[in-house]
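Let's take a walk through this model together. Have the sequence and the coordinates open side by side.

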Amino acid sequence: MTVQAPPAHTPYDGSSKPFTIGLRPLDPAGWIEVDGRLEAQLAEKDRLEAGHGDTVFAAEPGTEAAQREVLALLAGHLPARFPEIYRRAGETMHVGASGRAVDLEEPGVPRLKIAARLVQEDLVLMRRGKEGWRICAASLSFPSSWSLAEKFGRPLREIHRPVPHFGPGSRPDDLIERMFDKLQGQLVERFNWSLQPDAELYKPLSSMQRDDRAEKAAPRFPGVDPAAAAFIRVERQTLRRLSTSGDILFTIRIHLDPMSTLRAHPDRARIAASFAAQLAALGRPELDYKGLAADRDRLVTSLQAIAAA
């Protein structure tokens, strides 16, 4: 019998609030996260790159120097922070115990794509333009219900248009632009959470698909106990300003855990009760955005049962 490790992050325990900015300072040592799923997730990135290349990577001309800056940062940070996992030999990075070798100077391959082959995080470059900050390059293998093709090259206020309380002209919209402008040497992080009925990391969703999902509001979690079918998807985001290009590197790390693992958590009563309260407090636009309108009440009941066990 496989024993599931407890979730690495539980922002639904009250430490983060849904649909808020929630940035907090980050120790540079904790910038990149590595766990036992490293090699499996890197292999999944390879598979997606081979089969979905146009949907998981994009870069504007003129971003080559910034991409190289990202790769140099990671190539220096990873062996220093995780010497037991990352071993550099010349222009080759050896990763883990599988024999994986990443050519850091592979001809013809964008440097951001090479950088993303090293880590579980997705990597997104943001650049300031006349209309504000926009995505100018990205390696996005594990999107959380959005489409790189739709968002690429668009300013933040357009990217956030579908997000409740974050659309153009909203207070968070203005705050995010100002925070990006002011971001200097300090690394910051934030968390999002969502729920899904399977363990898939690759979850693209177009605006049309999101609207259709909200309109139909179909149940997504089968069975009497939805907690038995639900997976908690935690999205850990970090932001840092690149010292040379001035672009902002946005990393996105996905942690995916069965909701049932909360039953064995030593602090399950508090965490499950807080999670239930967060779900219960979501309004219809927020539930539609997360695709939880049909299942919210059943999920709340399941979490309350976990809390009371």
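The model is predicted, so to speak of local features a pLDDT of at least 70 is needed, side-chain atom pairs count only at pLDDT 80 or more, and totals for chains, interfaces and linings use all residues. Residues are numbered from 1 along each chain as its sequence is written, and side-chain values use heavy atoms, with hydrogens and water left out.

Start with the open sheet, where 3 strands follow the order β3-β4-β5 with antiparallel pairing. Its edges are β3 (86-89) and β5 (100-103), each of which pairs on one side only. From one strand to the next, the twist averages 25°. Strands here are DSSP runs of E of at least two residues, helices are runs of H or I of at least four, and both are numbered from the N terminus; two strands pair if DSSP finds at least two bridges between them. Between β3 and β4 (residues 92-95) there are 4 bridges in the antiparallel sense, and Arg88 stands opposite Met93 in β4.

Now look at the helices. Helix α1 (residues 38-51) lies across β3, β4 and β5, at about 50° to β5. Helix α3 (residues 64-81) lies across β3 and β4, and runs at about 125° to β3. These angles, from 0 to 180 degrees, are taken between N-to-C directions of lines fitted to C-alpha atoms, for helices over the stretch in contact.

Where does Asp103 lie? Asp103 is in strand β5. Asp103 counts as partly exposed because its relative accessibility is 32%, the range between buried (under 20%) and exposed (over 50%), with a 1.4 Å probe and protein chains only. Beyond neighbours within four places in sequence, Asp103 is in contact with Glu91 and Ile114, contact being heavy atoms within 4.5 Å.

Finally, the pockets. A pocket is an open set of points on a 1 Å grid over the protein atoms alone, where a 1.4 Å probe fits, with protein on both sides within 12 Å along at least five of seven lines; lining residues have an atom within 4 Å of a point. The largest pocket has a volume of about 1,100 Å³, a volume being the space filled by probe spheres set on the points. Its lining has 49 residues, with Ser144, Asn192, Glu235, Gln237 and Tyr289 nearest the centre. Strand β8 (residues 187-196) gives the most to this lining, with 7 residues.
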